[in-house]
Amino acid sequence: MREEIDQRKGIEKERDELLWQAQHQAAELNAILDSIPSGLTISDMAGRIVRMNDIAMRMLDSHPESMEPSVRGRLKEFAITTVDGKPFQPEDSPTNQALHGAMVQDITQVIRRRDSQLWLSVSAAPIRMQDGECLGAVTTFIDVTRTHEIQEQLKTFIHMVSHDLRIPLTIMRGHADLLRERLGEDDSQPARESVDAIKRSVTRMNVMINDLVDAARLEGGQEPLTLRPVALPAYLPEFLKRNTSPLCLERIRLDLATDLPPIPVDEPRLERVLLNLLSNAQKYSAPETPILLRARCLDNGVAVSVIDQGQGIHPDDIPHLFKKFYRARGERRAEGIGLGLYISRLLVEAHGGSIEVKSEEGKGSTFTIILPADKG
């Protein structure tokens, strides 16, 4: 009898210990989930939310027990739409995709309420056992409403800059052209030089405005590319012919590999990058030195390099050259606001490529853009 009592007490003690361990582990899990700075939900294979952290409950102003059990029901319950206001389809839901084994990132969903909107960046991944069996899905979401508001303000800024500031510049340019025509060769040299200075300043201001607008549009994803396969051996000579005015073609040498594959590019954007790199090469190297425009084939694309024999770049400047508003020190400092190379980097990256520079002071610089080849 005594032995049975001791055995029963041992079982009860073991049960209490297991219960305490389970409660402790659950508390630890809840603490971990609540410490995550993003909304987080865990769903079972039926789509029911079985766990939700505090941030998620505050953002959605809801509790798992009171929410619709299905993904379809919750999309309707919270009036979730795409960025253009269309109802979000259940098959496109990040949670639903994760339940079918896919991992999705940064899907934008909008919860449209009566007097406000909540913009969310949503990611989801399946929860798998070691043997690969899917047990459910974990979904995280970040409030990007403020980011959306800033993007809308950016659109307003772009419109203001591109329209309102250009009007007075156009008027100034028109009057300067008219004044220059009326100033004959017999008029005073200082007067003609003053008018030419006005025209140069207006041109510079237009370039700066264009750079500001383009940078803002690229940062906001408002400059979609139109890609088409381009054969560089035919494109690059034509590009140089089209740009005889801004470029000194006598200095530029072409060095093109014979096995270059077509590359999908947006031609006007590629032209802008090449013009910027070649103009810089001419600006920062002696007029009598050649500039090499080289294209080589890589395993996964094409490398196009602009090589000069100029003054080179200070080592401290190289890590910052492609940053916004950065202007190199010393003799390389030129007119502008430091957006040329920054915009070039954004344009190249928009193509899925990269841009880099190698330079040695006193021996010149090599700027290389790497673009992916046409997979087709």
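Reader: How many aromatic pairs does the structure hold?
Author: The model is predicted, with local features needing pLDDT of at least 70 and side-chain atom pairs counting only at pLDDT 80 or more, while totals for chains, interfaces and linings use all residues. Residues are numbered from 1 along each chain as its sequence is written, and side-chain values use heavy atoms, leaving out hydrogens and water. Rings of Phe, Tyr and Trp (its six-membered ring) pair if their centres lie within 6.5 Å, and planes under 30 degrees apart count as stacked, over 60 as edge-to-face and the rest as tilted. By this criterion, the number of aromatic pairs in the structure is two.

Reader: What kind of pair do the rings of Y235 and F239 form?
Author: Y235 and F239 are four residues apart in helix α8 (residues 232–242; a DSSP run of H or I, at least four residues), and so are separated by about one helical turn. Their ring centres are 6.3 Å apart and their planes stand at 20 degrees, so the pair is stacked.

Reader: Is F239 buried or exposed?
Author: Buried means under 20% relative accessible area, exposed over 50%, and partly exposed in between, with a 1.4 Å probe and protein chains only. The relative accessible area of F239 is 0%, so F239 is buried.

Reader: What kind of pair do the rings of F322 and F367 form?
Author: The ring centres of F322 and F367 lie 6.2 Å apart. Because their planes are at 80 degrees, the pair is edge-to-face.

Definitions and conventions
Helix = DSSP H or I, 4+ residues; strand = E, 2+ residues; numbered from the N terminus.
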